Amino acid sequence: TLRARVWFFTGVYPLVLNQITATSEAFAILHTMVRLVTRTSGFENYNFRLAQLRRRYLNSVSKALPGDSSAFQFRSLGSSARGGAESEARAKMAAAKPTLTDSLSFCLAQLAAATGEGLGGEKDPATNETPLGCALLALRTRHIKAAGGIERFRARGGLRPLLALLRRAAAAGPAPSQAGPGSAPSSVASAASSPAPASGPAPSAVSSSTPSPPVRLRKTLDLALSILADCCTEGACRAEVRRLGGILSLVTILQCMKTDSIQNRTARALGNLAMEPESCGDIHCAGAVPLLVESLTACQDSLCLQNVVRALRNLADSPQHRLALAQQGAVRPLAELLATAPDAALTSALVRALLELSRGCSRACAEQLSLGGGLGPLVSLASHPKRVVREATILTLANLCAQGLIRPALGNAGGVEVLVRELRQRRGPSGASPASQQPLVRAVCLLCREAINRARLRDAGGLDLLIGLLRDPRASAWHPRIVAALVGFLYDTGALGRLQALGLVPLLAGQLCGEAGEEEEEGREAASWDFPEERTPERAQGGSFRSLRSWLISEGYAAGTDDISPDWSPEQCPPLEPAEPASPAPSPTSLRAPRTQRTPGRSPATAIEEPWGREGPALLLLSRFSQAPDPSGALVTGPALCGLLTYVTGAPGPPSPRALRILSRLTCNPACLEAFVRSYGAALLRAWLVLGVAPDDWPAPRARPTLHSRHRELGERLLQNLTVQAESPFGVGALTHLLLSGSPEDRVACALTLPFICRKPSLWRRLLLEQGGLRLLLAALTRPAPHPLFLFFAADSLSCLQGLVSPTLSPALPPAVPMDLDPPSPCLYEPLLGPAPVPAPDLHFLLDSGLQLPAQRAASATASPFFRALLSGSFAEAQMDLVPLRGLSPGAAWPVLHHLHGCRGCGAALGPVPPPGQPLLGSEAEAALEAAGRFLLPGLEEELEEAVGRIHLGPQGGPESVGEVFRLGRPRLAAHCARWTLGPEKCPRKRALALVGLVEAAGEEAGPLTEALLAVVMGIELGARVPA
């Protein structure tokens, strides 16, 4: 309407113009202020000009706005924003007003004056604060917060008056109980000796009876404590506060002032001081722990509780301090707070504190945590979205597993599943390092000590996880602990089946072979809670005595229990003095009971307990597996037998009788016979225990302990057990089935094992000779070896079979006569070589080298059909005096000419033979043998072969020479090599190395080697004299 328009232009429009003008002037003043500030040089000039500009700005704004402008208010969002900005600008201008508290010296002077005169003072009308309050506020908000402010405050000596002020403030409050100088207040001491506080958030009696301090005193304490807490964030300040005795002052304030804000700042200061071990010990000695525990139940403020919890966490810096905290009841209130579902910040603080307090978890800590109801919340927090809370919770649960009394409750709360799941995640491809897995592995192993937790662990897939750890070489340091934990499943048939399917037995055998570290010892409190300790009185009375006492009272022989002394009990009677022996007193050594070991078939009443060393858990599990009806699939395998034999032969002292019983139990079980045959177990027992050759000793020997006679006796006893099983009706059927219907590998293994475990001639003759078992074994020599020690086993088996076939027809060969002791035979060819030969030669042989060798035509024609046809027939050479011999070297021709002229044993045949160690192929000996065959001189061939055998298969020859001799391809030399290899006087290692050389020399042509070995074993080929 018209009236509204007039009212707007006459009333509102001038106000809008004035507001715009005032705003423009304000911005102009601010612009001028910036220019003036940039030109100022000193701090006072800066503050003065800033205050001047502030007054000018406020006056201009007040003049620009009319007095009744409050009647009009802008309702738009923009006007509200401008009003807020104007208020903020006014506040900043007021804060920029230069005051005396801007000087650190003034603030320190106020602190010093307050310590001497008092805590009050006249209030400033402008700020409504005392000079001390203004100084403390300036110190807290400006001087301490500035860069390097804490160091300047300490260097200017501010800590001493600040601590003195705290003492006066504490004295001005409610007076604490009197105590001796330098000691904690009496209430602190009494609280330290009191039990853990009861659950519930109700304030304690001390807090309810203590009146709240005055407002000014509380404000002074809040500021001073806040300054001290900030200063204690630096190490130098913490050391000076400790030196000035500030810890006792803080403990006194904590005892007297029960206001949440004061308790909050005091706990924060103590928590900062506790970051150093020296201060932490002083805080414990001052008796601050019971007061902090009391604050946990009395305070309601979350920030105050967080600082108290942090102080307790920092005080748990050593095992002694953690034990002291637990004994003074610091754990239960933390658990009760955690169970009340606090806010996120307090939850994080509580979890971190419980993690520190549970390190090396003591019995008191576990009991309080359980009584406080903290297990359920901890398990729930294990899936917290915040990683810090989640990891701290899981580590706390792992620490609690060190106490047996809490593990069943922890399992009931779901802790087993949580720890197994977390360990599986850390073991994954993107898991954490092995060091972070160590506490979880220890916790899971400790959980295996109770039956209820073992069931949960099995259902949660913990067995697979433990087997995976045993397979991991990076976790070798934990293997003894894991094996000891698996002993808990000893009588769990389902778990044992699962462990066997996962391959536990080879891993246990590896533990016996390896150099695993010792298992870390756990304390008595970590023992299984399935058998808790029985706490009985010191003087427990026997049951028989209690029965006697009841009968005496019932029959009236005694009026009451007081008439019968417990000393009359038979259990309390002293032992009778032993009668003096009639014979002279024995020596002290004869009085000592001998150390006996319990054998499998005996159980003496006085037998001592078997030793339990590093291998004890693994042997106990293997023994349990061996008691199954058919343990062959797990224990009668190469790795398992190697592990047991390594332990038996390599133990520094006498091996555990349990290992011997395992081997005896396996060899006596008929169900294991076929497994021993298939896995070459019988051959391994003989090689390792009887012959002293282990798999790692072949082919190169290694330094091993000397083979003791007890090892040989053990091996013979085990083989005898297998012999009993093999010669039984069941064993005969099993071996026959293997040899006739088994796979090719099983047939070869059966043929190889039979000479070791069969002593009945009818059995081994039928299986090996009549049914072709021996030929199967010989044919398998040149094929790929099915076992690393196959050729060693084969050489030993053939030697044993040769002794079974012909024990009297193949006696030990006589030792060879040394060559220099052989009786010399006259050389008939040597007279033709002199300067005046008698008779004179009528023929010369021309060699390819041009050498002419003299000869007698008649003698040469008589010695060989070849030369008879050449020299006396119709060939041209019959008319020639110089007959060429093509393709013949001088070294090879020398024994030929000697033989043509009747020399036998003159030593000419030894000339072309190289010494041992040099190859025979391509040598003069091979050329001489070829020439003897070409010239039809069988006697020379035999003589040359004998010379080769004398040199290479004699005392100076070794196993490596056998293959060289066999490569010549001579049947008689092959027989010589077979006899040398299978000779009964040969060392088993040399015999096996010779067989390896024969197999390599034979190559793919297995026929000659097979025939030679078969002839030697059967005693068919006797041949010529064989050198040793």
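The model is a predicted one, and within it Leu 936 sits in the loop that runs between helix H48 (924-934) and helix H49 (938-952). The phi angle of Leu 936 is near 60 degrees, which is a positive value in a residue other than glycine.

Tyr 680 also has a positive phi as a residue other than glycine, with a value near 55 degrees, and its place is in the loop between helix H37 (673-678) and helix H38 (681-690). Tyr 680 counts as buried, because its relative accessibility of 4% falls under the 20% cut-off.

| Residue | Phi | Relative accessibility |
|---|---|---|
| Tyr 680 | near 55 degrees | 4% |

Turning to helix packing, helix H22 (residues 387-400) packs with helix H24 (residues 415-426) at an angle of about 120 degrees, and their axes are 10 Å apart. The crossing in which H22 passes H24 is left-handed.

On the H22 side, the contact is formed by Glu 391, Ile 394, Leu 397 and Ala 398, which meet Val 418, Leu 419, Glu 422 and Arg 426 of H24. Sorted by class, this contact of H22 with H24 comprises five nonpolar and three charged residues, with no polar ones.

How values were computed:
Residues are numbered from 1 along each chain as its sequence is written. This is a predicted model: local features need pLDDT of at least 70, side-chain atom pairs count only at pLDDT 80 or more; totals for chains, interfaces and linings use all residues. Side-chain values use heavy atoms; hydrogens and water are left out. Axes are lines fitted to C-alpha atoms, for helices over the stretch in contact, and angles run from 0 to 180 degrees between N-to-C directions. Helices (H or I, at least four residues) and strands (E, at least two) are DSSP runs, numbered from the N terminus. A crossing is left-handed if the near helix is turned anticlockwise from the far one by less than a right angle, and right-handed if clockwise. Contact means heavy atoms within 4.5 Å. Ala, Val, Leu, Ile, Met, Phe, Trp, Tyr, Cys and Pro count as nonpolar, Asp, Glu, Lys and Arg as charged, and the others, Gly among them, as polar. Buried means under 20% relative accessible area, exposed over 50%, partly exposed in between (1.4 Å probe, protein chains only).
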